[in-house]
Amino acid sequence: MPYLRKLLSLVTLLFSTTLTGAEKPSILFITIDDMSCDSVGVYGSKLRGTTPNMDTLAKQGLRFQYAHVQVGNCMPGRNVMYSGLYSHNNRMEGFYQIKDPHYPHLSDLMQSGGYFTAIFGKVAHSTPYTPYAWSLNLDVIDGKKLHVKDPVSYGLATRRGIQASKDAGKPFYLNVNVSDPHKPFYGMRGRQEPYDDPYKPSKFFTPEEVPIPGFLFEDPEVRLELAHYYMSVRRADDAVGQILRALDESGQADNTVVMLIADHGMPLPWAKTALYHHSTHTPWIVRWPGKIKPGTVDDQHMISAVDLTPTLLDVAGIKTKSTFDGRTFFPLLEGKTQNNRAQVFKEYNENSGAGRHPIRGIQNKRFLYLFNPWSDGENKFKTATTGTLSYKRMNEIAETDPVMAERLRFFNYRSVEELYDVKKDPNCLNNLINHPDYQKTLNNLRKSLGNWMVKTEDHALEAFENRKKPEAMYGYVARLQVEANQRMAARRKAQREAAAAKKKS
């Protein structure tokens with residue numbers, strides 16, 4: 001039973017042991033919020049000057065070319081990272097709290113191994129419930145709440161976290177979560193004239209010079225939105241620069257493993273809140289002085305976010321009897337190879353407004369297969385990107401353009417199955433699901449996905465096995481939506497009661 005397995009994992013935390021030997025490295029784990037992999041210079045950005053600090057970090061260590069996150073939205077995705085479990089096993093499938101997780105969080109495991117754990121930014125989204133037992137929450141320093149769109153805040157938080165770990169006499173696990181380029185973008189509020197944002201990036205980009213992703217389209221307002229997105233990417237890179245500068249000034253850089261990823265793709269249609277290639281493909285950079293040769297590129301293995309926790313435990317020399325869905329890629333950090341690193345599994349369940357649209361996917365270096373049990377031609381996908389200029393322009397153009405109308409229809413309603421050749425078509429424009437030349441590939445991917453669902457006890461297996469029976473699929477989805485609606489109603493009631501109690505006091 002999944003519940004029993006998770007309970008046993010939590011119990012075994014008490015029996016975790018720590019490897020002895022050389023001095024433990026400290027760990028600085030940096031996440032970037034809503035940034036596509038190809039927005040980073042060393043990952044092929046077509047716009048010069050987007051990420052000089054990230055590019056330098058990559059040149060100082062190892063970058064993975066085939067890294068993915070599991071989920072295309074924030075809170076579920078981050079909880080995969082820090083539990084080592086897929087969303088259907090950590091129960092964090094949407095934007096709600098799990099008060100009884102029955103499994104250890106990465107922070108728990110690090111503390112059990114003698115680490116001082118601190119976090120800045122995205123705190124409520126990084127644990128199954130909040131407040132959580134970090135050694136230190138850096139969102140407020142000396143009574144002042146740090147602004148998450150100000151790059152200077154990240155340097156301040158990093159310095160304080162490192163100093164606190166030094167005062168405690170422990171190595172640190174410091175999780176710094178940069179809130180750019182998540183909306184609102186730098187200097188942008190809706191369609192009105194850009195405002196004077198006090199937190200300016202170190203480089204500005206014009207609408208005329210920015211590249212348009214292949215999954216979007218040529219349009220002045222799309223270009224405007226992308227220009228502000230890229231300026232927000234640059235501001236995120238400025239924050240990374242502040243973080244790394246603070247680490248250097250601490251004198252601990254040589255004994256610190258720095259790891260950087262993005263939590264998912266850009267917050268625009270066809271990227272965020274989805275499982276397409278550009279939704280989950282992430283920059284994954286690791287710098288480990290004296291261990292990883294500078295300028296190393298791994299273009300052989302596929303890794304994913306569910307592998308993070310077991311890997312960092314190996315970096316820290318912490319042994320645990322806890323079980324994970326992911327597996328360590330520590331051997332890759334040592335320059336070795338690993339078998340069974342040719343594909344990743346992905347899942348999406350629910351958006352921040354409790355809209356349930358479950359998706360499951362499998363991707364290898366060549367193909368991406370997606371299963372959408374909610375797709376019935378009437379159920380409209382609820383995504384975090386419908387408030388963007390790009391989505392609004394899709395709707396406006398679709399009124400007179402039949403090509404855009406079909407593109408919009410597919411965005412809103414999809415199909416039960418999708419298949420893409422991501423090597424030839426990384427923008428996922430050509431659905432090959434019915435193409436006769438790809439039926440063998442399709443069947444192999446279906447089989448692999450089904451086996452993964454069985455192995456990980458995925459509740460979506462019910463729908464997958466009935467993918468030729470629409471009523472069974474839609475019944476499954478409807479049941480999930482009822483549960484999500486009940487959770488949302490309970491949460492809103494609790495919020496109203498809390499507000500009323502506060503007003504009385």
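**View 1. Strand S3 and its partners S10 and S11.**
How many bridges join strand S3 (residues 62-68) to S10? The number is three, and the two strands run antiparallel. This is a predicted model, in which local features need pLDDT of at least 70, side-chain atom pairs count only at pLDDT 80 or more, and totals for chains, interfaces and linings use all residues. Residues are numbered from 1 along each chain as its sequence is written, and side-chain values use heavy atoms, with hydrogens and water left out. Helices (DSSP runs of H or I, at least four residues) and strands (runs of E, at least two) are numbered from the N terminus. Two strands pair when DSSP finds at least two bridges between them. Look for Phe64, which stands opposite Trp284 in S10. S3 also meets S11, through six bridges, and here the strands run parallel. Arg63 has Val297 in S11 as its bridge partner.

**View 2. The open sheet of eight strands.**
Follow the order S5-S4-S8-S2-S9-S10-S3-S11. The pairing is mixed. Strand S5 (136-137) and strand S11 (296-304) are the edge strands, and each pairs on one side only. Inside the order, strand S9 (residues 256-262) pairs with strand S10 (residues 284-287) in the antiparallel sense, over four bridges. Met259 has Val286 in S10 as its bridge partner. Helix H3 (residues 74-83) packs on the sheet and touches strand S2 (26-33), strand S8 (172-181) and S9. Contact here means heavy atoms within 4.5 Å. The direction of H3 makes about 160° with that of S2. Axes are lines fitted to C-alpha atoms (for helices, over the stretch in contact), and angles run from 0 to 180 degrees between N-to-C directions. Helix H9 (residues 308-316) lies across S2, S8, S9, S10 and S11. H9 runs at about 155° to S2.

**View 3. The open sheet of four strands.**
The order is S13-S14-S15-S16, with antiparallel pairing. Strand S13 (343-350) and strand S16 (417-421) stand at the edges with a single partner strand each, so one side of each is left without a neighbour in the sheet. On average, neighbouring strands of this sheet are turned by 15° against each other, direction ignored. Strand S15 (residues 367-371) pairs with S16 in the antiparallel sense over five bridges. There, Phe367 stands opposite Asp421 in S16. Helix H15 (residues 470-504) packs on the sheet and touches S13, strand S14 (356-364) and S15. H15 and S14 have directions about 120° apart.

**View 4. Helices H2 and H7 crossing.**
Helix H2 (residues 52-59) and helix H7 (residues 220-250) have axes that come within 7 Å and cross at roughly 50°. H2 and H7 are therefore oblique to each other. Angles under 35 degrees count as roughly parallel, over 145 as roughly antiparallel, 65 to 115 as roughly perpendicular, and the rest as oblique. From H2, the contact uses Pro52, Asn53, Met54 and Leu57. From H7, it uses Arg234, Ala236, Asp237, Asp238, Val240, Gly241 and Leu244. By class, the contact of H2 with H7 has six nonpolar, two polar and three charged residues. Ala, Val, Leu, Ile, Met, Phe, Trp, Tyr, Cys and Pro count as nonpolar, Asp, Glu, Lys and Arg as charged, and the others, Gly among them, as polar.

**View 5. The largest pocket.**
A pocket is an open set of points on a 1 Å grid over the protein atoms alone, with protein on both sides within 12 Å along at least five of seven lines; lining residues have an atom within 4 Å of a point. The largest pocket has a volume of about 510 Å³. It is lined by 24 residues, and the closest to its centre are Tyr86, Asp325, Phe345, Trp452 and Lys455. S11, S13 and helix H13 (439-455) are the elements that give two or more residues to this lining. H13 gives the most, with four residues. The lining has eight nonpolar, nine polar and seven charged residues.

**View 6. The largest cavity.**
A cavity is a set of grid points where a 1.4 Å probe fits but cannot get out. Points are joined across faces, edges and corners, and a volume is the space filled by probe spheres set on them. A search of the whole structure finds one cavity of 30 Å³ or more. The largest cavity has a volume of about 40 Å³. Its lining is Phe215, Trp270, Tyr276, His277, His278, Pro426, Asn427 and Cys428. Five of these are nonpolar, three are polar and none is charged.

**View 7. Backbone details at Pro181, Pro184 and Asp142.**
A cis peptide bond joins Asp180 and Pro181, with omega about 0°. Pro181 is found in strand S8. The peptide bond from Lys183 to Pro184 is also cis, with omega near 5°. Pro184 is in the loop between S8 and H7. Asp142 is not a glycine, yet its phi is positive, about 55°. Asp142 sits in the loop between strand S6 (140-141) and strand S7 (144-145).
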